[in-house]
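Here's a quick briefing to read alongside the model. Take a look at the structure first, then work through the notes by topic.

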Amino acid sequence: MDATSIIRTENLEKIYGQGRNALRVLKGITMEVRRGEILSIMGPSGAGKSTLLNLIGCLDSFQSGTLVVDGMDVSRLSVDALSDFRNRHIGFVFQLHNLLPEFTALENVAMPLLIRRISAQRARETAIEIISKFGLSDRAHHKPAELSGGECQRIAVARAIVGNPHIVLADEPTGSLDSENSKSLIEGLFALGREHKTTIVIVTHSHEIASMTERTITLFDGEIRSDTKNGVSAQPK
Ligand SMILES: Nc1ncnc2c1ncn2[C@@H]1O[C@H](COP(=O)(O)OP(=O)(O)O)[C@@H](O)[C@H]1O
Ligand SMILES: [Mg+2]
């Protein structure tokens, strides 16, 4: 594998169900993502976008093919090793923010660091710093129910990126937001990603967001239909 490659799949296949009910959802996906690349995945509903993202994120198993993430052949890892690998290498953002309702924004953002056994004080300081980058310092001590949808999504992005993962995977993160909130969320995510050379894979229905990424892969019925460069500079300014 090329040293600059961070995600590589070869003939990746995912089948849900068995026998007559078997549904082949990914029909042999072969793709490679460069370290630090910001990539969008588009395609109609049901095309297999979330399935592919969940495989890359080590959240689900697959039937055949190869998947190498950050130099690791993840099909060889045990369940425990996989969850540790995920915690250290991958940050997730989902369409609905999945923040823990009982905890404040600050506590939610600090959580991945606490799971890694980083000291409470350091976790807190790091969380405060990243929350301030999203312009939410004054909301840090509020619980999700006291925040707007846009604020919750920014906190969810902060949580995904706080541990400085090599890869951030975002599955329609702006699906529940208006276009103004969408744009500021994505600009914040991409700016931090470029600063830390994070690889970002974002599933989106928005052509505007896709055009902010360097490359767009379009899935159709479990296969890659197109893979195009968008002419966005990886290192603006
Ligand atoms: N857990 C599951 N069990 C069975 N079928 C599933 C499951 N998850 C997704 N599917 C099916 O797989 C196909 C692709 O789903 P998905 O990856 O969620 O598509 P997308 O994110 O592109 O809308 C769909 O036909 C969906 O119904
Ligand atoms: Mg989906």
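**Sheet, ligand shell and a helix pair**

Four strands make up an open sheet, ordered β2-β1-β4-β5, with antiparallel pairing. The edges belong to β2 (23-34) and β5 (72-73), each with a single partner strand, so one side of each has no neighbour in the sheet. This is a predicted model: local features need pLDDT of at least 70, side-chain atom pairs count only at pLDDT 80 or more, and totals for chains, interfaces and linings use all residues. Residues are numbered from 1 along each chain as its sequence is written, while chains are lettered from A and ligands numbered from 1 in the order in which they are written.

**Sheet**
- Strands are DSSP runs of E, at least two residues, and helices runs of H or I, at least four, numbered from the N terminus.
- Two strands pair if DSSP finds at least two bridges between them.
- Two bridges link β4 (residues 64-69) to β5, and V69 has M72 of β5 as its bridge partner.

**Ligand 1**
- The residues around ligand 1 (C-beta, placed from the backbone, within 6 Å) include Y16, G17, K49, S50 and T51.
- β2 and α1 (49-56) each give two or more residues to this shell, and α1 has the largest share, three residues.

**Helices α3 and α4**
- The axes of α3 (residues 105-115) and α4 (residues 120-133), lines fitted to C-alpha atoms over the stretch in contact, come within 8 Å and cross at roughly 125°.

Definitions and conventions:
Axes are lines fitted to C-alpha atoms, for helices over the stretch in contact, and angles run from 0 to 180 degrees between N-to-C directions.
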